[in-house]
Amino acid sequence: MQHRFGPGLVAVIAAGALILGTMAGALSGGLTAYFVRNEASGPTAGPKVSATDVSAVTNVAPTSTIEPTAPPTLTATPNRPTPTVLPVAEETGTSLADVVAQAGKAVVTVVNEQAGGFFGSSDLETAGTGTGFIIDDQGHVITNNHVVEGSQEITVIFADGTEEKATLLGADAFADLAVVKIAGPVPATLPFGNSDTLRPGDRVVAIGSALGDFTNTVTEGIISALNRSLQTSDGYNMENMLQHDAPINPGNSGGPLLSLDGHVVGVNTAVVRQAEPGVTAEGLGFAIPSNTVQDITKQIINNGKVVRPYLGVNYETLTPRAATANNLPIDHGVVVTNVQAGSPAALAGIQRSDVITKINDQDIDSDNPLMNVLFHFQVGDQVDVEVYRMSVTQTMTFTVTLVPIPDNT
């Protein structure tokens, strides 16, 4: 039997088919999306982004959530060495505050007392304050020479505010270090670390009596550079200095610079605040490396002084301008202004107005001042001193036997 459908019925059937097709497509697409999403989160998914993958984290979309992960396990790649990760206080189970609290017990304020006042009073007054730290149970305290220089009495103030008189065992102006000793029991001591292992970027902590009143002030920074040379007003350079940016202030001198495990890696001694007129500097602190400190203080404790070689001349640095003005064939060295009677230089034949240009093939110049070059030798060493003698316009060489610096020098 043949059926005929009117135009209205055909339109209804077509519309229904279209609706059913749309629903089937949506259902199919939804199921596909569901399975794709669950497949991506399953065990066969690609690598997940973690906080340990810096490049991946950098490229994560803003809506992504980064889950914290365990510390990474470092593995070497063929072209890259395995990096060295230094432990910090927090990673070893000790907070930085705990390290500082323990170290702070061994940090003291050092007060330099001298006669002063009106009309030449003999009463002792505070001439300056600095910082020091206790290194052993015998009561040896390290500080800067410039903190105790000229003192008639020295008072040490502990972290709890108690005070005790101290005795100056000895000092070395060239290294700017001094050792004083207290008699009573000590509250704590600070161990030394190995300054040779420091790298730029290592975190450090300074503790000191900022401005003399703010005792045990703690500041933090990083090692900015190694092997810095710091020029002094006495014609020599303090060499091999640590540069760091932990804020230090007057009163911090002589205080410890600590690694994050509480070991002394340096002694704070200077800060540069103005490089030149109109140019302000920030974050330029300098510390004497702990390995140098140990060597110097050991000599002071054992001998009461540091034995350094002595040449026996007074001198002025020869500048290129002065060399040009005097038509000299040299542009570096020091001009001898006086030769001490009976000194090694006098015995060897060095004279006033000689220009010392070299010691054992080491040029004497702004990078290698005479004093620093001498400190590389030992008492008793024989050295060849090259001079330009202006009176005869000749270069001459003298063999000099170095002796200890006299106590009155």
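A salt bridge is counted here where a side-chain nitrogen of Lys or Arg lies within 4 Å of a carboxyl oxygen of Asp or Glu. By this rule the count comes to 7 salt bridges in the structure, which is a predicted model.

**Overall make-up**

The protein has 409 residues, and buried residues make up 36% of them. Its secondary structure comprises 8 helices and 22 strands. Among the contacts with a separation of 6 or more, 58% are between residues 24 or more positions apart. The accessible surface comes to about 23500 Å², with 54% of this area belonging to carbon and sulfur atoms.

**Salt bridges**

| Pair | N to O distance | Separation |
|---|---|---|
| Glu113 and Lys165 | 3.0 Å | 52 residues |
| Asp172 and Arg308 | 2.7 Å | 136 residues |
| Asp354 and Arg389 | 2.8 Å | 35 residues |

The bridge between Glu113 and Lys165 links strand β1 (residues 107-115) with strand β5, and these two residues also belong to a network of salt bridges together with Glu153. Glu113 has a relative accessibility of 14% and therefore counts as buried, whereas Lys165, at 48%, counts as partly exposed.

Strand β5 also holds Asp172, whose partner Arg308 is in the loop between α5 and β15 (309-310), and both Asp172 and Arg308 are buried. In the remaining pair of the table, Asp354 belongs to strand β18 (residues 354-359) and Arg389 to strand β20, and both Asp354 and Arg389 are buried as well.

**Aromatic pairs**

The count of aromatic pairs comes to 2. The rings of Phe133 and Phe192 have centres 6.4 Å apart and planes at 75°, and because an angle over 60 degrees counts as edge-to-face, this pair is classed in that way. Phe133 is in strand β2 (residues 124-134), while Phe192 is in the loop between β6 (177-182) and β7 (203-210), so that the pair links parts of the chain 59 residues apart. Phe133 is buried, with 0% relative accessibility, but Phe192 is partly exposed at 22%.

Phe174 and Phe375 form an edge-to-face pair too, with 5.0 Å from centre to centre and 70° between the planes. Phe174 is in the loop between β5 (163-172) and β6, and Phe375, 201 residues apart from it, is in the loop between α8 (370-374) and β20 (382-389). Phe174 is partly exposed, having a relative accessible area of 23%. The ring of Phe375 has a further neighbour in Arg308, whose charged end sits over the ring at 4.3 Å from its centre.

**Nonpolar cores**

The largest nonpolar core has 31 residues, and those with the most contacts inside it are Phe133, Ile142, Leu177, Leu190 and Ile207. Elements that give two or more residues to this core include α3 (96-104), β6, β7 and α5 (290-303). Leaving aside neighbours within four places in sequence, Ile142 is in contact with residues including Phe133, Leu177, Phe192, Val267 and Val293. A second, separate core has 19 residues, among them Val313, Ile359, Val387 and Phe398.

Asn216 and Asn227 are not glycines, yet Asn216 has a positive phi of about 50° and Asn227 one of about 60°. Asn216 lies in strand β8 (residues 214-231), and Asn227 is found in strand β8 too. Asn216 is partly exposed at 25% relative accessible area, whereas Asn227 is exposed at 57%.

Technical notes:
Residues numbered from 1 in each chain as written. Predicted model: local features only at pLDDT ≥ 70, side-chain atom pairs only at ≥ 80, totals over all residues. Heavy atoms only, no water. Phe/Tyr/Trp six-rings, centres within 6.5 Å; stacked < 30°, edge-to-face > 60°. Helix = DSSP H or I, 4+ residues; strand = E, 2+ residues; numbered from the N terminus. Buried < 20%, exposed > 50% of the residue type's maximum accessible area, 1.4 Å probe, protein only. Lys NZ or Arg CZ within 6 Å of the ring centre and 35° of its normal. Contact = heavy atoms within 4.5 Å. Areas by Shrake-Rupley, 256 points an atom, 1.4 Å probe, with all protein chains shown as cover. Core = buried A, V, L, I, M, F, W, Y, C linked by side-chain atoms within 4.5 Å.
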